[in-house]
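Here are some notes to read alongside the structure, for anyone opening it for the first time. Have a look around before you start on the points.

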Amino acid sequence: MTTPDATAGAPGSESLSEAVRLFASAPATAALPSAAPGTTAAVPSAAPEAAPGVMAGSPVPTALPEGASEGALLGTARGLGARTGMPRYPTSPTAGAANVPGGADLPGAANIPGGVPGVSGATAARRGGFSPGAARQDIPILHRMVNGHPLVWLDNGATTQKPRQVIEALASFYGAANSNIHRGAHTMAREATEAYEAGRAAVADFLGAGAPEDIVFTRGTTEAINLVAQSWGRANLGPGDDILVPVLEHHSNIVPWQLIAKERHARVVPVPLTPEGEIDQDAYADLLSSRTQLVALSHASNVLGTVPPVARMTALAHRYGAKVLVDGAQAVAHLPVDVQALDADFYAFSGHKLFAPTGIGALYAKPEVLAAMPVWQGGGNMIESVDFGETTFAAVPHRMEAGTGDIGGVVGLLSALQWLTSFDRDAVAAYETALTDYAQQALATVPGLEILGAAADRIAVLTFTLAGQDPASVADCLDRDGIAVRAGHHCAQPTLRHYGLESAARASFALYNTSQEVDELVAALRRMQRGR
């Protein structure tokens with residue numbers, strides 16, 4: 001029995017990008033409409049009322065200065081396009097750049113080319129800068145109507161919307177190159193394997209990992225954390241051991257540790273928050289001890305947006321010999337990540353929070369840690385040789401990937417990473433910071449509205465309560481105006497209970513959101529309060 005990649009083009013070989021180049025080798029012959037069936041391309045309505053004391057949109061730059069070099073395209077694949085006959089989404093909405101909310105006044109926004117062979121049009125047009133209008137042009141769903149209004153998608157903390165490049169990549173793969181990977185010697189098996197391993201290399205590059213072999217594909221952050229808990233945790237945790245978990249965490253970074261702690265007779269120790277919604281660093285330092293085996297913390301909170309000092313907390317944990325797992329689900333779309341600079345032992349994220357499809361994610365682990373981890377699930381793909389007397393396992397990372405993985409999801413993730421990194425990440429971060437600051441100022445003018453948390457370092461997430469209004473009713477009322485926010489406990493009940501709450505509404509932003517959309521949100525909330 002051979003190892004998984006022995007028959008199908010190992011990463012780094014000359015043929016690695018051949019399959020992906022084939023996808024982009026010919027123009028498409030059909031175009032899909034820019035609006036969803038039964039809807040029309042959205043044309044913004046008249047400007048909403050501005051919040052008193054806040055000039056609509058003024059604090060937020062519509063185009064940040066150019067000058068930084070474009071991030072390198074990840075891996076060796078370049079912009080999955082389509083073979084002849086595969087459908088292709090248009091580069092810009094039918095209504096034109098002038099009708100893209102937040103993009104009409106962007107210099108050059110209407111001049112994004114239709115595409116360059118082998119490279120997406122958006123990538124070719126974005127060398128050295130960023131504008132939200134350019135991002136919006138690539139997202140088909142942002143140009144539809146909801147309840148008679150242009151869609152305002154402010155639920156990015158739950159999932160992000162997908163660029164046409166990702167949609168095309170999935171259609172192209174399933175229409176022209178679908179095959180299982182690793183175990184076949186035929187052409188399409190090699191092509192699929194090469195695209196899959198190009199995706200692994202892209203993730204490693206994106207996270208700043210030392211090698212593609214440090215990356216394990218999973219269904220998402222939740223499965224990645226469970227993998228660590230069930231493999232590393234079962235092998236390393238014992239009676240009396242501590243797992244430190246801040247109150248800030250998503251349930252996905254609490255429950256797996258509770259399950260393995262119960263099995264191994266260890267204990268999960270909560271790390272408290274300050275009134276501002278930051279991890280109490282003094283309490284954290286006091287809780288660390290020789291009993292601490294693991295610290296599990298998020299790179300950014302899905303409720304408060306808080307960005308903890310991960311590198312500093314990791315360094316302190318390492319002094320006690322503890323490992324550190326970082327939940328990067330909310331951070332990866334907003335912050336540049338360098339796992340080696342953070343010195344994290346594990347880092348997990350989900351593709352769908354990063355403009356990629358659902359059902360695909362990744363786990364980074366330090367090579368020496370990953371090599372020592374027992375297998376978690378058994379089956380095909382993860383073995384070297386199987387016999388009733390003895391079974392031997394493949395090398396990492398393949399031995400952690402039992403069965404057929406989400407090959408199409410990896411192709412979509414690769415395309416999403418290429419799309420995101422075609423923008424200047426520092427420019428994106430500066431824009432999102434300015435947009436969040438503006439949103440905080442504007443929301444402060446809504447009577448009875450209170451934003452949770454006041455961390456000094458945060459991502460573009462604003463969770464709030466509205467006096468006299470149930471959060472579910474707030475979300476329902478906003479939906480009637482085409483504005484999508486989330487309401488509930490956000491899978492972070494300990495965080496909400498820190499503020500004495502069981503539910504709240506959340507507006508979460510991405511690089512394609514605009515100050516005009518903030519104004520629409522504020523106007524709708526003010527109408528809601530007037531109508532009480």
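This is a predicted model: local features need pLDDT of at least 70, side-chain atom pairs count only at pLDDT 80 or more; totals for chains, interfaces and linings use all residues.

1. Start with the open sheet made of 4 strands, which come in the order β15-β16-β19-β18 with antiparallel pairing. At the edges you'll find β15 (449-451) and β18 (486-488); each has a single partner strand, so one side of each has no neighbour in the sheet. On average, neighbouring strands here are turned by 30 degrees against each other, if you ignore direction.

2. What packs on this sheet? That would be helix α16 (residues 515-530), which touches β15, β16 (461-466) and β19. The direction of α16 makes about 10 degrees with that of β16.

3. Now zoom in on β19, residues 504-508. On one flank, β16 and β19 run antiparallel and are joined by 4 bridges; F464 stands opposite A505 there. β18 also runs antiparallel to β19, with 3 bridges between them. In that pairing A487 stands opposite A505, while G488 has A504 as its bridge partner.

4. Is β19 enclosed or open to the outside? Since 5 of its 5 residues are buried, β19 is largely enclosed by the rest of the structure.

5. Which strands pair with β12? One is β6 (residues 215-218), antiparallel to β12 over 4 bridges, with V216 opposite L363. Another is β11 (residues 346-350), also antiparallel to β12, over 5 bridges; in this pairing F349 stands opposite A362.

6. Last, the cysteines. Counting a disulfide as a pair of cysteine sulfur atoms within 2.5 Å, the model has 0 disulfides. Two cysteines to look at are C477, with a relative accessible area of 22%, and C491, with 32%. Buried means under 20% and exposed means over 50%, so C477 counts as partly exposed, and so does C491.

Terms used: Residues are numbered from 1 along each chain as its sequence is written. Side-chain values use heavy atoms; hydrogens and water are left out. Buried means under 20% relative accessible area, exposed over 50%, partly exposed in between (1.4 Å probe, protein chains only). Two strands pair if DSSP finds at least two bridges between them. Helices (H or I, at least four residues) and strands (E, at least two) are DSSP runs, numbered from the N terminus. Axes are lines fitted to C-alpha atoms, for helices over the stretch in contact, and angles run from 0 to 180 degrees between N-to-C directions. Contact means heavy atoms within 4.5 Å.
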